[in-house]
Amino acid sequence: MLLSMISCNKDFLNQVPDDKLTIEQVFQRKDLSEEYLANIYYYLSYTYPNSTGNPWEGLSDETDITYNRDDNYYASYQMNLGNWTAASGYYDTWSNYYKGIRSASYFIENIGGNAQILALSNGQQLITQYSAEARFLRAFFYARLIMQYGPVVILPETVIPPDLQSDDPLLALPRSPLDSCVDYVARQLDLAAKDLPASYSQQSRLDYGRATAAACKAMKSELLLYAASPLFNGNKDYAALKNNDGTALIDTKADNNKWKKAADAAKEIIDMNRFELYKETGFGGQLDPYLSLQNMFLTTFNKEWIFSYQNANVINERGLTPRKASGYASIGPTQKIVDEFEMSNGQRPITGYKADGSPIINPESGYSETGFSDFKAFDDPKARQTYNMWVNREPRFYVNISYGGRPWINTTSSLGTVIYEPWWDGESGGNGSWDYSRTGYLWRKNVSPNSDPKTGKYVSRPLLIFRYGEILLNYVEALNEYDPGNADILKYLNAIRERAGVPQYGEGENPLPAPGSQAEMRNAIHHERWVELCFENRRYFDTRRWKIATQTDGGKFYSMNSNANPPAFYSRFVFETRVFMPQYYLFPIPQSVMDRDENMVQNPGW
Amino acid sequence: MNKGLFKYLMGMLLLLQSGIAAHTYGQVNRADRISIRLENITLEDAFKQLHQKTGVDFIYSSVGDLNQKVSVLASEASLDVVLEKLLSGTGLTFKKVGSKVVIHPRKARQPEKQEQKVVQQVTITGTVKDPLDNNLNGVSVQIVGSGQGTVTDSLGYYKLFVKPTDSLTFSFVGYETITLPVKNRVDLNVTMEAVSGSLNEVVAIGYGRQKKVSMVGAQSTVDVKQLKLPTANLNTALAGRLAGVVSVQRSGELGSKGADIWIRGISTFSSSLSAPLVLVDGVPRDFSDIDPEDISSFSILKDAAATAVYGVRGANGVILISTKTGSIGKPTIKVRYNEGITQFTKLPSFAGGVDYMKAANEASVTRGGQPVYSQEDIDKTASREDPDLYPDVDWYDALFRNVGHQRNANANIGGGSENAKYYIGLSYYDETGMYKQDSLQKYDSQNSLKRYNVTSNLTVNVTKTTEVKLGVRGYLINVNYPGTGAGTIFGNAFMKTPVIHPIMYSDGKTPDVASSGLTNPYAQLTQTGYVNQWRSQLASNLQVTQDLKFLLRGLSFTGKFAFDTYNYTSMHREKVPDTYLAIGRDEDGNLIEQLTNPGKGTEYLNYSAVRNGDRTIYNEYSLNYHSSFGKHDVSGMLLYNQSDKLNTQASDVITSLPYRFKGLAGRASYGFDDRYFAEFDFGYNGSENFAPENRYGFFPSIGLGWVVSKEKFFEPLRDAISLLKFRFSHGEVGNSQIDGSRFAYIATVDNTSGYTFGEKMDNKYGGKDIGDYASDVTWEVAKKTNLGVDLDALEGKISLQADVFKEHRTGIFLRRASLPYYLGLQANPYGNVGIIDNHGIDGTLTWRGRWGDFSYEFMGNFTWSRNKVIEDDLPNYKYPWMERKGRKVSQTFGYVALGLFESEAEIENSPTQNGDVRPGDIKFKDMNGDGKIDSYDMVPIGYGSIPEMVYGLGFSFSYKNFSLSGLFQGVGNVDLMLSGEGMQPFQQGLSRGNVLSNINDRWSEDNPDPNAFYPRLTPGTLNDNYENSTWWLKNGKYLRLKSLTINYNLSKTLLKKMNFKDAYFFLEGINLLTFSPFKIYDVELGNGRGAAYPNMKTYAVGFGFSF
């Protein structure tokens, strides 16, 4: 009787719905396949700068991010102190990017059979395009892994099944040598570019943000520049980096031709003739560098845009808003980047630092660190008492830096004008809250004057990943290395400076003398690149690929004295002493990754 | 030496001297001759000795003074002669009935003369049974006041001539005596309950009941009287009361879930998946909100024999609770009431403003920074001249009152006739918490709880062979909270410095710094509205038992149907006050205040709500068989059950599907002569979580019992040790709880983050990706072995139950962890890959006795268990000390602190440590000898926050009408890892963070104390001082006076006058004293910094009566 009771309701436990979505169905329907593809795009978030999840700003010498110092959230604080091992697990993008890589490969493998898409008149073409998008994304993720970790594991095209026996060789793949990693990714980008529209301007407005041939080329330009730079081009420090079978992972012979490849890759984009620097004009048709620089980020899909990250509101505008206006007021530029901006006359205010850390002031610049002047910033309706350090600087300074006493960028909110007060007892000061900037400054770049954290209103816009300005800087840097003196170098360097509203080298109004030697030009290019691309997640990578991080990223870091009130606030102050060890040029392969692959070798020094 | 024991030993000696072997139990041979010498011992002892010698059972309940002293000397005399001698002068005589001897008053013969006078005499017959429906042979049935009586035969049958107005008294050794009026009845069937704790006692086991003597499994039962404590949550009353229960309570907040309970520790990877199965009246239900007054029995089942019938749900042990039913007799009304005050057991205390400021300055200056506070600031704070601008706030003082209030009332009525029994209980519980209130607010933001319970059980014998039971039970709970959660309020008290701003400004404005949200804890408590929560449960069960003796004697069928509903509604009425910060005073001395949260404050209370609910339908059908043939006792049970629980507020498809379960359970047991027992139990059931082919599992267990004290060879010891029993069990139980997920055998497609295209970011796609890969998994299997001993000695003065156990749990459900990350799996597939061993001991020792009017009882119980990870599918770590395998589950890892650095030279010569390292900072051990301290140097430290050892020491004394009882509960092999802002000074920098009052116990340049509590102060986490290390590891053991009760019973004469059965007054205390080496906060809160609502101390006074 009892047994019959069990058998008569056999389905009692079989209640899992048959109509539950399966992965096979995902690849039979158009909308679901497109959602799968959108899911791959999402992994771009590990690249791009919400300042919270990625260390590229917090670890760079231009920014301090310290609020909420829990080990795995803003871990850059611990890393800057040198508290870092392979087992720390900081910013382990390895596992995240490989998830994106798997999803992309799975997509490429399966999208061809999508019956619903194939039934469309342009079905085959759509499948080709979607495959190319996935291929671009996969290459992009590999490229970012290479920039962070060096040589990586290049996986077979076919997706590895999840349920292999633990002794399967596919579960113990080694890293590939750097050159073959770079070649593979570059080839994949070329392959993808063939099947993609040239740039967003060839797409429907609803498809803006999808991969384009230009995006492929831009990624390739960045990766080849990385591969050509001293870190990876003949770096003898990595002679010992070999697989267990003896395969060297980084070639210790320098190859100047890599610079040519990098320059050519950048030139390809210039030669597309689809992009130009974004410029706005003011009264009388004059170029307005302030508005040009500020709105280059805010006017979406202008001519400078190549590729953007499209998920809304990832820039931490709230972290750049005074506390009184409901912000966190926490992401602080360091004194180093403040010092790097030129004066309005194009002169560098500070040419170096003395042994005690005090600046060597360029007497020709007109720069002063004492006293106050009445000064009106471009976006301030009136002049205010301003510390002389921040008076008469180049436009990029005012567009990029909020300093103490300057109004919050949004002056039209219901709060009216909110003055940013970074000193100890100020409204965004350290007393009573950890939501404050230890440097006494806030980023201002790419903050919309119309965003208002108090009302939760943020002007949603895509975030730039690649812009034409960067491509020009890639080009001139690579060109100067393999063909110094090429006229293109000055041409494009001056193009950047012209838009920035600073005197150009050897031409235009009040020109500066053009740098003479290849080395001088290199210095000028490096400086220009930093000032132009600051807070755009480039500085971390530049200091590493140039192999200068040993000088730039360790030691005492200065800021305004945020532990004090005015007048003591207006003085240079060591907010942090950072540690940079030679092994930090590359992230450690996470110990958890090492532990799960017997053929994985660790980066030197870790 | 105990006097009684001495006498027993003397008696035994005499017995041996006489050289006569004792006779087989239960048989009387009149021809037998006895030699015995008894001198000046009590009559009762004399009967016992005679029983020892002859095996004859004496029935002598309610026959006058058994303590009178007698002497007898007999040589080769018959039992009759001995008894006549013995009873001469005692006013008693004897009568042989079958194999037994009934002792009764001598005047018993007189009534024969009166028989003629009685006009209406009737014959009454009936059967006497035990609760398991066994016929009781040899029960004395006496007519009250007449001395007439009889004894039941082997079928439990008796027959007497009585007057309709008579009452009958049923008495039997080991059972509670019952007196019932005849009331014109001609048949009177009686069920006798065994004396609590005796071997005949019937105890609840999985899906059934059993005599205690025949139990082979490991289980503990708590005397439910001990659970009647003035606390809101029943589960908080369990710690220390039952051997085998490990319990910790991490919050005393009203309405929180109370204590976490594990049976015999933790044997799987997550403590939350180790929770026992709880059955109330046989149905899976939560028990924390039952009023203890309504409970009739509470047991925990620990080993495989006891839990195998629960199959895949039994591996973590089972808690069995049944509620009260009525018993035959006039209605009995019981009332109990108490009222008390509550206090925090222990709050951390914060440093004063001046100490805080000096410490902050020291932290900054001695690390090369500037002082944060000027001398002027410090002086003005010290002088308290302007508390608006120079405040000095003790935030806890600002938040909490000194006492809370508690009240509990219960009334119940029970009774019944032979055909119907009923019980109805009503209770009310009310507790008000410790928060301060703002008298200006119109709403109540106190933390308070009110609970109303109703329990009713009805038993009806529809026919002679059909019994119907209906139970309906429910509760309604109303909890109130402040608009901000306790965690946030306590956290902010740790975040705010004492000098940041006052609690409130003198002009009534609410102070706070500019911040993304409100941070003033006092304002959070009093100015942010309130949350009001209603929870209600209705649980009902209907059970029909049909005796199938027409098919087979001893066979019965039971069907059970239960229907439960649960509802939860939480209404939030919240607001944000305008906050200000004073920056100075104007010329008139008025505060200059700036609005710090412009545009965020609200005047009105917002509304939002959270709702939850479920309903459960449960069915159970069983066949039971029980029969005795001579010395053989056989029983069997086969049961089918299924349940269907539906989340009525589910938010997605998967959770909307009912949670289902079904299975079979069976038991076959055999007992011989109450001496040898064997039992086979099984569960055959399944979990919907697994694929059909892996769904059903068979979980068998065997249990063996041997009552050594019944053996012939044990007889010489029987006077001293009345019971010695060994139990052994071995078997398998399962656990199908898999990490909260359902249907592991089906691959899933997850909605992922997706992406947005379009110029205006106006083309949003949801994301799709594989979520979980299908995995061919099944339940965990726990192989459990238990060896136990039960011992009663010295006439039941001492009893011991002790068990050693071992568990080997395999196939623990885990995500495979050894796959390389470049596979890029969304989530690693599951596998039954984990293995954990657990072993331990638990036991209870009771010692009770009396001297005249003074009686005492001591109880001690002890639980120790230790688990070990055998396999976790994690790859090998770089260094052996980092290995998780071979350690305890959730082992804490950290640095080994060698002390504090004494000099720069010592730092130079030591392995490199991270960050700013100076004398007074913690020096760590370099485990791998690579010259630097990093995470490779972290080793297992400490026992962890769940105690390995739990013990209880209970005592109870009574003298005449007074009694005093209490329980000490303790834990050992447990640690606290201190961490967090406040506990670690300036951990988040100098901008925030309170410090504790022991801040002056620190290393400083002026006072380089190597044994200071705090290392050199640090502004922020500049180095590894605040990493987990043995420096912050503290012993978390404690001994707590968990409860203490003084009771006064009204005298019998007074009760009679008032017509009461019972009346008493009591004083009761909970958590009155705590002894622990750790003094900073309530040690039971565990790791961290004690920033949680602590456990409560309660003082209550009350009374109760019944009539």
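**Entry 1. Salt bridges**

How many salt bridges are there over all chains? I counted 93 salt bridges over all chains, taking as a salt bridge a side-chain nitrogen of Lys or Arg within 4 Å of a carboxyl oxygen of Asp or Glu. The model is predicted, so I note that local features need pLDDT of at least 70 and side-chain atom pairs count only at pLDDT 80 or more, while totals for chains, interfaces and linings use all residues. Residues are numbered from 1 along each chain as its sequence is written, chains are lettered from A and ligands numbered from 1 in the order in which they are written, and side-chain values use heavy atoms, with hydrogens and water left out.

A:Arg205 and B:Glu759 meet through their side chains in a salt bridge, at 2.5 Å from N to O. Helices (H or I, at least four residues) and strands (E, at least two) are DSSP runs, numbered from the N terminus. B:Glu759 has a relative accessible area of 15% and is therefore buried; buried means under 20% relative accessible area, exposed over 50%, and partly exposed in between (1.4 Å probe, protein chains only).

In chain B, the side chains of B:Glu711 and B:Arg675 meet in a salt bridge (2.9 Å, N to O). B:Glu711 is in the loop between β36 and β37 (721–735) of chain B and B:Arg675 in the loop between β34 (659–672) and β35 of chain B, 36 residues apart. B:Glu711 and B:Arg675 are buried.

**Entry 2. Aromatic rings**

I counted 114 aromatic pairs over all chains. Rings of Phe, Tyr and Trp (its six-membered ring) pair if their centres lie within 6.5 Å; planes under 30 degrees apart count as stacked, over 60 as edge-to-face and the rest as tilted. The rings of B:Phe344 and B:Phe400 have centres 5.0 Å apart and planes at 85 degrees, so I recorded the pair as edge-to-face. B:Phe344 lies in strand β22 (residues 329–344) of chain B and B:Phe400 in the loop between α8 (395–399) and β23 (404–416) of chain B, so the pair ties together parts that are 56 residues apart in sequence. B:Phe344 counts as buried at 10% relative accessibility, and B:Phe400 counts as buried at 5%.

Is the pair of B:Trp851 and B:Tyr856 edge-to-face or tilted? The ring centres of B:Trp851 and B:Tyr856 are 5.0 Å apart and the planes are at 40 degrees, so the pair is tilted. B:Trp851 counts as exposed at 60% relative accessibility, whereas B:Tyr856 is buried, with a relative accessible area of 7%.

I then looked up charges over rings (NZ of Lys or CZ of Arg within 6 Å of the ring centre and within 35 degrees of the ring normal). The charged end of A:Arg578 sits over the ring of A:Phe557, 4.2 Å from its centre. A:Arg393 lies over the face of A:Phe397, at 5.0 Å from the ring centre.

**Entry 3. Strands in chain B**

I found an open sheet of three strands in the order β9-β6-β12 (chain B), with mixed pairing; two strands pair if DSSP finds at least two bridges between them. The edge strands β9 (157–162) and β12 (190–191) of chain B each pair on one side only. Strand β6 (residues 122–129) and β12(B) pair in the parallel sense over two bridges, and B:Val128 stands opposite B:Val190 in β12(B).

I next noted that strand β16 (residues 245–249) of chain B and β17(B) pair in the antiparallel sense over five bridges. Here B:Ser247 stands opposite B:Ile261 in β17(B). Strand β17 (residues 259–263) of chain B is mostly covered, with four of its five residues buried.
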